[in-house]
Amino acid sequence: MTLTISKISRRINQNWIIRDLSFQVNKGECLALLGPSGCGKSSTLRLIAGLDSPNEGKVYINDQDVTDIPPVERRIGMVFQSYALFPHLSIFSNLALGLKVRGVSEKQQIERVSSILSVVQLEHLSNRLPSELSGGQRQRVALARALLRDPHVYLLDEPMSNLDAQLREELRPELRRLILKGSQPVLYVTHDQQEAMAMADRIAVLKNGELEQIGTPLELYKDPKSFFVASFIGRPQINKLPIKNNIISAIRPESIYIDSNGISCKVIETEWLGMNKLVFLDSNIGNIRMICASNIKINEKLSISWDKSEELHFDATSEKRLT
Amino acid sequence: MIYALLILPALVLIFIVFGFPIIRYFWLSIHASSVLTGLTATPNYGANWIRLLNDDRFWLDTIQTIRFTMCSVLIEIVLAIVFALILNQNFRGRGLVRSLSILPWALPTTIMALGWRWIFNTPYGPIERIVSIFSTNSINILSNPNIAWIATVFADIWKTTPFITLIILAGLQTIPTDLYEAFKLESGDKLKSFFNITLPLLQPYLIISIIFRLAQAFGVFDLIQVLTLGGPAGSTESIGLYAYLNAMRFLDFGYSATIIFFSFILLSLFCILAWLLINKIRDKYQRNML
């Protein structure tokens, strides 16, 4: 099973929301669509689901052109950012509704819903209304509904963004077990680079509706094609060094080390990261972020250095990577 | 406990505005208070109530009022849902259409009833004129007992549908669009989407509309007073009009109060019944479908 989109564009009035976007998600692969808000990632998902139609381009599911067929025939398992559970129906009926309207027999409905409820471990809550569930439980119901659709493609629209950080981390293995292990292609929309790195096999970074770069998390981190990707992937954010000869140089905070022969700096701010500290330095090449041992204090003077080979260089006008 | 006293001023106000008139009506209903008694209330030991039970005109009016109320409210609710669904679509000039559609509600009842009286007029009204093209017989809308009541229902629907539409429209806008989208992935059937999502989620707005309109239609007076005066042959007379006639024309306040108090009980029963019925439907279609 595969999902391919080919040169799709969508505009609202004169504004291009998505422009000439192409990529393929392979069998069993999870592709994260990553980008800041308004970059067109959710719009892309809606085009694939058939909730909107593209102005140009084609969507293929299993090599079949589905651009003009209605959403129901595309067999999409979608998890909405808001979960979109029906507030007036019990968890059981929420899950059974889709089967019911497609004419599945009552006996089959009960069988299939019960089995899916046990997969997501919510059997004991089947009579509750969505409003009587916690955020994590609602999310699992939304996942169960997508599973129950027995889809060709999974589309997840920021499935974790309504949950707190701890719950998010707890639910990641659940999401892997339920959805990412299957043979269907999974498209995972998120604005959280950490989540994208954790969940996806490959990441597509979008900017203003255009594909900036697509690759494995490691490729994006090691070999960003533009300054935008370099600053979007990797936390703490990459350091931008002063522009020289129309070239932006950038160095990752984790590549910087203390070196008595290096550039002298003063500590202006520190943030705890747990094991170590994120340190903000003031120097004659501007403000620098680096990761340090936890005994660094504000106003301390230190000298830093880094391996020149770790530096990334970008053209200052196009912000594209120079090799 | 002492905090409960804080709602006392509100309770007193409610009693003065709602409780006192009802108690006063009941008190009047067990007294004779008419021209014969010099308009002073003298106890007559339930004679008004016995008269009510044997008053054929009153029972006919009751049936006519129920007929008017049921037809008017039912048709209005269905029409209002249809209009609200249309006004909830995205189309050019939607704002203008929404504003225009509320106009009938904004007109004072007497003014619009006068308008309808001319529209229904024989032989000068437009309806009769159109009919006269095809037939030499006129319908005599407002003078035919079998048709006049339909005309009153029609005028009432025309006036109050916009208001219900507005309530339903507000309800429609509270339904998140992603519910419809989630449903679209499961089924392309718009009718199923309406019955499985829209209607159940509109339920609180439907209850408000139905109970509100039941009460209003059951007490109809001004529309009929202007449009037909209860005629022809009393075929459009409502309980409200009959109570008005007893008090203001026959100057029998005791009997008028009896009619009003009885219709109060009847209407309360209707509202409770409607509420129970709607809740029963909700329980059937909500929570568990299987």
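Helix α5 (residues 135-148) of chain A lies across strands β6 and β7 (153-157) of chain A. Its direction makes an angle of about 175 degrees with β6(A). Axes here are lines fitted to C-alpha atoms, for helices over the stretch in contact, and angles run from 0 to 180 degrees between N-to-C directions. Helices (H or I, at least four residues) and strands (E, at least two) are DSSP runs, numbered from the N terminus.

This is a predicted model: local features need pLDDT of at least 70, side-chain atom pairs count only at pLDDT 80 or more, and totals for chains, interfaces and linings use all residues. Residues are numbered from 1 along each chain as its sequence is written, while chains are lettered from A and ligands numbered from 1 in the order in which they are written.

**The sheet of chain A**

β6 and β7 belong to an open sheet of six strands in chain A, ordered β6-β7-β8-β3-β9-β10. The pairing is mixed. Two strands pair if DSSP finds at least two bridges between them. β6 and β10 (210-215) of chain A stand at the edges with a single partner strand each, so one side of each has no neighbour in the sheet. On average, neighbouring strands are turned by 20 degrees against each other, direction ignored.

Strand β3 (residues 30-34) of chain A runs parallel to strand β9 (residues 202-207) of chain A, and four bridges join them. A:Ala32 has A:Ile203 in β9(A) as its bridge partner.

**Domains of chain A**

Domain bounds come from an automatic or database domain assignment.

| Domain of chain A | Residues |
|---|---|
| Domain 1 | 3-229 |
| Domain 2 | 240-315 |

The centres of domain 1 and domain 2 of chain A, taken over C-alpha atoms, are separated by 38 Å.

**The contact with chain B**

Chain A gives 26 residues to the contact and chain B gives 21 residues. Two residues are in contact if their C-beta atoms, placed from the backbone, lie within 7 Å. On the chain A side, α2 (71-74), β6 (76-79), α3 (91-101) and α4 (106-119) each give two or more residues. α3(A) gives the most, with seven residues.

**Chain B**

Chain B has 13 helices and two strands. Its C-alpha trace spans about 75 × 75 × 35 Å along the principal axes. Among contacts in chain B between residues at least 6 apart in sequence, 68% join residues at least 24 apart.
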